[in-house]
Amino acid sequence: ILVFCWVYVRKYQSRRESEVISTITAIFALAVALISSALLPVDIFLVSYMKNQNGTFKEWADANVSRQIEDTVLYGYYTLYSIILFCVFLWIPFVYFYYEEKEEDDGNTCSQVKTALKYTLGFITICAILLLIGAFVPLDIPNKKNSTEWEKVKLLFEEFGSSHGLTALSFSISSLTVIGMLAAITYTAYGMSALPLNLIKGTTSAAYERLENTEDIEEVEQHLLRIKSKCRDGRPLSSRDRRTVQQLEERLRTLRRRERHLESIEKSWWTKFCEAIRPLKIVWGVFFIIVALLFTVSLFLSNLDKALHSAGFDSGFIILGTNLTNPLNMLLPVLQTVFPLDYILITTIVMYFIFTSMAGIRNMGIWFFWIRLYKIRRGKTRPQALLFLCMILLLIVLHTSYMIYSLAPQYVMYGSQKYLVQVRCNTFFKQKYSYLLYEKYTVYILFAFLLDQCIVTRTYLFLHKFWFFSAAYYFGNWAFIAVFLIGLIVSCCKGKKSVIEGEVDEDDSDMSDDELSVYYR
């Protein structure tokens, strides 16, 4: 993971503006994101491995051993999620503002550190507020109407002590997950449509683009000569002609930069290698678009199931079981029969979300509403942009766990576990609690009953501690589907990408003529 992160960061990092601190921070944050994403398959595997296929626990998996395993996984989540909070609210903001101050003032390092800490203090304050809200938000309201205010406050502290900080951390992580949901809607949904179609369509020929670029250069040069010929007799150019000359000269410089890059790419061994594996790219593109459509259909059916059969908004649209099956829910039980195909599939899905997110950020750049802040370009990405990229990926990884849960809710909760009293349990609760099917806490009644029969994953505890976050994720899934379909239509209508797409633009502030050629020699 560290090797991949190092190669990825160095691949996109600007050679002129590289900084040791920002590079280490970006590599570390990206590694944390990838390691955190790998914890979900491990969590599912451990809860599944403790039981036999007939629903009984294995001999070694007694109550103490099971509790130790659950605690170990929980501590793993504690550690990684705490590191994520540290990166998002302290380390990445500090390095970002430190570098911003360094660009503006190359003088006193102590002054730069103080200014960076001053701005970072705002992020630390937000983190502290989220932890405090999560620590003392009441999950169990006293039933006694005549309870005093002191009893209510005492209950809050008792809940905080009994949860061992789980509620506080869960609230903070869930708040970041909502932001990650917005990032996934923006970047991952688009990347799932753009990545496969770009592989299928490929890029235009470097030789053809170079020929067109040469014609454009000749046309601009002729236009410049026509304008400058007006002042051969000593007359000065009008203000309009001077502005036109300035624009044409800037355009000519851009075209000549394109000429140098196209010439370098046309002669490179990498271009010849890419042309040789073009059929393989098409195969991968077709495979990725099938996977993307499979995910979208599964997500749609899962959300439709929640809309039709859940307990409603007040319960976070949680359902008691799967009423409308989806392709992924059908596929995972089949793969469970052959170890470890189901875990390989889950790991592949997680990695797919991460790499499509990277593709989406790379194609779109980093935006703040309608304002483009940074571009992600090979060999020319500024340190601030890399820090933003890693922070966005950290947030998307947090949301990935809920995306997987939406695709296969029962599998994410219990893995491949089976329990002995399935028929009797369902019949009992349908008879005794049928009148509660649409009440707010029905799901928690069933959940408590099955705790002795099956072990729930630690991921689920973090995902559904607060019902209002689950409701936000539900609506976010609909937005994700809509953005994916829009991105798919836009990607289909667009033509082939330029072989140097986005590498040579007139509005690039971090342009360097000698950086891109390093990758095409």
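**View 1. Ile371 in strand S2 of a predicted model.** Ile371 belongs to strand S2, residues 371-374; strands (E, at least two residues) and helices (H or I, at least four) are DSSP runs, numbered from the N terminus. Because its relative accessibility is 42%, Ile371 counts as partly exposed; buried means under 20% relative accessible area, exposed over 50%, and partly exposed in between (1.4 Å probe, protein chains only). The model is predicted, so local features need pLDDT of at least 70 and side-chain atom pairs count only at pLDDT 80 or more, while totals for chains, interfaces and linings use all residues. Residues are numbered from 1 along each chain as its sequence is written, and side-chain values use heavy atoms, with hydrogens and water left out.

View 2. Strand S1 (residues 366-368) runs antiparallel to S2, and 3 bridges join them; two strands pair if DSSP finds at least two bridges between them. Trp367 has Arg372 in S2 as its bridge partner. The hairpin has 2 residues between its strands, and Phe369 in the turn has a positive phi of about 60 degrees.

View 3. The structure holds 25 aromatic pairs. Rings of Phe, Tyr and Trp (its six-membered ring) pair if their centres lie within 6.5 Å; planes under 30 degrees apart count as stacked, over 60 as edge-to-face and the rest as tilted. One of the pairs, Phe94 and Tyr98, is stacked, at 6.2 Å centre to centre with 25 degrees between the planes. Phe94 and Tyr98 lie 4 residues apart in helix H3 (residues 63-104), about one turn of the helix, and both are buried. Tyr474 and Trp478 form an edge-to-face pair, 6.3 Å centre to centre and 90 degrees between the planes. Helix H18 (residues 467-493) holds both Tyr474 and Trp478, again 4 residues apart, about one turn of the helix. Tyr474 counts as buried because its relative accessibility is 5%, whereas Trp478, at 27%, counts as partly exposed.

**View 4. A cluster of rings.** Tyr96, Phe97, Tyr119, Phe123, Tyr374 and Phe388 are linked into a cluster by ring pairs.
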